[in-house]
Every structure is written in C-alpha cells, then in structure tokens.
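Student: I would like to go through this model with you. May we start with the contacts between charged side chains?

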Amino acid sequence: YKDIGLCGTLDFFAAHNGFMVYPFVGIWNPEKIPEATGAGYRQWNYNRDEVAELFAVPLSWFLQHEPRIGTAHIQVTRKDDFPFELVPHLDPHKDFHQEYPIYFYQYGDKVIWGMTAAILHSFLERFGKGLADFA
C-alpha cells in the first residue's frame with residue numbers, strides 16, 4: 001500500500017494451533033489518501049474469513065491503556081498409540097499443561113484480542129517508551 005511506510009518486522013509468533021505469523025510494522029499516513037477514497041484502510045484488501053472488520057485506533061490510546069488479561073489453559077493428552085517406549089522419560093500417566101495470557105484491548109465498542117492483541121502487546125512492550133513521539 002502506497003500510504004504505509006514499512007518500518008520493519010517483529011519477532012515471529014507461533015499460535016497454539018500451529019500457525020506461524022511474521023508481523024510487519026508500518027506507519028500509516030492517511031494524508032496520502034485522496035478524500036474521494038474515504039477512510040483509506042477500509043479500501044484495503046484483506047481476508048474476510050479471518051478479519052471481521054477494519055477500524056483504526058490511535059497509537060496514543062494504546063500507550064495510555066493497559067489490556068485486560070485472561071488466562072487460557074491447554075492440556076495435551078496422549079492417545080493409546082503414543083510410543084512411550086521411544087521416549088521413556090515421559091510419564092504415560094501425566095498430561096502436559098500450559099497456561100498463557102490472552103490480551104483484550106477494548107476501544108469503545110470494538111475489541112481487539114487473540115493473535116492480533118498478542119502481537120500488539122508484544123510491540124507495545126518492546127517499543128512503547130519510544131513511541132510517544134509518534135503518537
């Protein structure tokens with residue numbers, strides 16, 4: 001998109017379902033969008049099966065608001081066909097448990113959560129203090 005200046009990439013994210021996401025960071029400059037096109041981001045081509053809607057949130061808002069955090073719990077159990085004899089250090093009667101945070105940013109009636117919020121939270125944790133000049 002001509003109205004986005006690429007700044008760089010962030011660390012990749014591995015979702016619990018196996019998806020790998022490689023996020024990019026850019027600065028959106030809506031001044032480059034002619035008024036006739038309306039809100040520029042609404043003209044972007046995106047996967048409507050993955051994204052419910054596009055909306056803008058000022059960076060300054062994120063710098064002033066902490067996310068709400070919920071906790072997810074994953075439990076992995078092994079089926080009868082699991083070859084425990086190949087990994088004898090694993091206890092066949094013990095399941096694997098993992099907890100991880102899920103971030104929720106509520107901006108008016110909009111909620112940002114899931115992988116999008118995790119990437120956003122990571123970005124803000126890494127660069128938040130230096131973003132005040134851009135907000």
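**Charged pairs, core and surface**

Tutor: The side chains of Glu53 and Lys110 form a salt bridge, at 3.1 Å from N to O; the term requires a side-chain nitrogen of Lys or Arg within 4 Å of a carboxyl oxygen of Asp or Glu. This pair links distant parts of the chain, 57 residues apart: Glu53 is in the loop between strand E4 (24–28) and helix H1 (59–64), and Lys110 is in strand E7 (residues 110–113). Helices (H or I, at least four residues) and strands (E, at least two) are DSSP runs, numbered from the N terminus.

Student: What sort of model is this, and how are residues numbered?

Tutor: It is a predicted model, in which local features need pLDDT of at least 70 and side-chain atom pairs count only at pLDDT 80 or more, while totals for chains, interfaces and linings use all residues. Residues are numbered from 1 along each chain as its sequence is written, and side-chain values use heavy atoms, with hydrogens and water left out.

Student: How many salt bridges are there in the whole structure?

Tutor: The search finds 2. Arg126 and Asp11 also meet through their side chains in a salt bridge, at 3.9 Å from N to O. Arg126 lies in helix H2 and Asp11 in the loop between E1 and E2, so this pair ties together parts that are 115 residues apart in sequence.

Student: Is Asp11 buried or exposed?

Tutor: Asp11 is exposed, with a relative accessible area of 52%. Buried means under 20%, exposed over 50%, and partly exposed in between (1.4 Å probe, protein chains only). Glu53, at 40%, is partly exposed, and Lys110, at 21%, is partly exposed as well.

Student: Changing topic, which residues have the most contacts inside the largest nonpolar core?

Tutor: They are Phe62, Tyr105, Ile112, Phe123 and Leu124, in a core of 15 residues. Such a core is a set of buried Ala, Val, Leu, Ile, Met, Phe, Trp, Tyr and Cys residues joined through side-chain atoms within 4.5 Å. H1, strand E6 (96–107) and H2 each supply at least two of its residues, and H2 gives the most, with 5.

Student: What does Tyr105 touch?

Tutor: Leaving aside residues up to four places away in sequence, its partners include Trp61, Phe62, Lys110, Ile112, His121 and Leu124; a contact means heavy atoms within 4.5 Å.

Student: And His121, is it buried or exposed?

Tutor: His121 is buried, at 13% relative accessible area, and lies in helix H2 (residues 114–127). Beyond four places in sequence, His121 touches Pro67, Tyr103 and Tyr105.

Student: Which residues make the nonpolar surface patch?

Tutor: Leu6, Phe12, Met20, Tyr22 and Phe24 make a patch of about 610 Å². Patches are made of residues with over 30% relative accessible area and no salt bridge; like charges are joined within 9 Å, and nonpolar side chains (Val, Leu, Ile, Met, Phe, Trp, Tyr) within 5 Å. Areas come from the Shrake-Rupley method with a 1.4 Å probe, and for residues only the protein chains shown count as cover. Phe12 is in the loop between strand E1 (4–9) and strand E2 (13–14) and is partly exposed at 48%.

Student: Finally, where does pLDDT stay under 50?

Tutor: That is over residues 33–38, for which the model has 5 contacts beyond four places in sequence. The chain averages a pLDDT of 83, on a scale of predictor confidence in each residue from 0 to 100. Where pLDDT is low, the predicted coordinates should not be read in detail.
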